[in-house]
Amino acid sequence: MIQGTTVIREGARRDIVDLILLRGVPFHGRLNCMDFLKRVWPLEEMPSEDHRFRTATGDIATHIGFRDWDDSHLLLERLKLARGPDEEFLRFIEEVVHPLVVPDETEVLSLVAAINGPLGREGYHLVETDRISGKTVYGAKPVTFVRADPDPTPWEKVDRQANAMREQLTLALSHGAAEEGYQVVGHLGREVMISLAQAVIDPSEAIGEDGKRPSETDAVRLLDAYIGRTLPGSGHEALRRAVRGVVQATSAVLHVRSATYKDALLAVELVSATVHLTHILANYP
């Protein structure tokens, strides 16, 4: 990694930070918030943005104390995770899953699996780099350094991610059915949908019914454009509505925040149905 580079896109950074914050537990784990932040940023060397203080330590601690910033603003805007250097962003992720911050290895495994989806598309993965008291320490490494196999085909990637989603459902159920474990199923499902959409349509060529081009990670609109392309004409109207309904229902259940086993199970089955329907459209002209 070249020091000071910003290769990791802002959209991916925001997605990963949202994923971390939506777990419903503090991003700083069992550490005091300021103690956590000092593991990532040299706050005493950073200037204050408040004239009352000399360094960032003073103004950040004050805003945290008064609770007039939410965590998203603190991390993405004040500490500039949205647009700062890649090494800073990656160091933050490494600390979020550090055993000193989150001692529960099951929780860490779920979080690492969820983060590695969007992070992998940016060219990095969290991998084991060390162990402390028998617990894994993860470091962010370029994907090319940790992957021995060649890039999978788009459909192989979809299948692999869908299998990981089912495995996460089993893992969550076998470890006390914690809500955050089921939320990770949804995170993985969204990755499946993005990979599926990108397997069948080039985002640069996708135009929705509204005449606009979806972003490369807007799976619902990409798939919607693909369905319109592969099932054209009035004769396919009912079928288009049915397939689009499955895609929209899949998206809705994947974004449930207070996830239960039922939500996670529905997510797995709806993603599977979406994959199967899209596979039919792609392979049977």
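**Reading a hairpin and a ring cluster**

Modeller: Let's start with the strands: E1 (residues 124-132) and E2 run antiparallel, joined by eight bridges. This is a predicted model, where local features need pLDDT of at least 70, side-chain atom pairs count only at pLDDT 80 or more, and totals for chains, interfaces and linings use all residues. Residues are numbered from 1 along each chain as its sequence is written, and side-chain values use heavy atoms, with hydrogens and water left out.

Biologist: What makes two strands pair?

Modeller: DSSP has to find at least two bridges between them. Strands (E, at least two residues) and helices (H or I, at least four) are DSSP runs, numbered from the N terminus. Here, Ile-132 sits opposite Lys-135 in E2. The hairpin has two residues between its strands, and Ser-133 takes a positive phi near 50°.

Biologist: How many residues of E2 are buried?

Modeller: Buried means under 20% relative accessible area (exposed is over 50%, partly exposed in between; 1.4 Å probe, protein chains only). In E2 (residues 135-142), six of the eight residues are buried.

Biologist: And which rings link into a cluster?

Modeller: Rings of Phe, Tyr and Trp (its six-membered ring) pair if their centres lie within 6.5 Å; planes under 30 degrees apart are stacked, over 60 edge-to-face, the rest tilted. Here the cluster links Phe-27, Phe-36, Trp-41 and Phe-92, and the structure holds four aromatic pairs.

Biologist: Why is the pair of Phe-36 and Phe-92 edge-to-face?

Modeller: Because their planes are at 90°, with ring centres 6.0 Å apart. Phe-36 lies in helix H2 (residues 33-40) and Phe-92 in helix H5 (residues 86-96), so the pair ties together parts 56 residues apart in sequence. Both Phe-36 and Phe-92 are buried.
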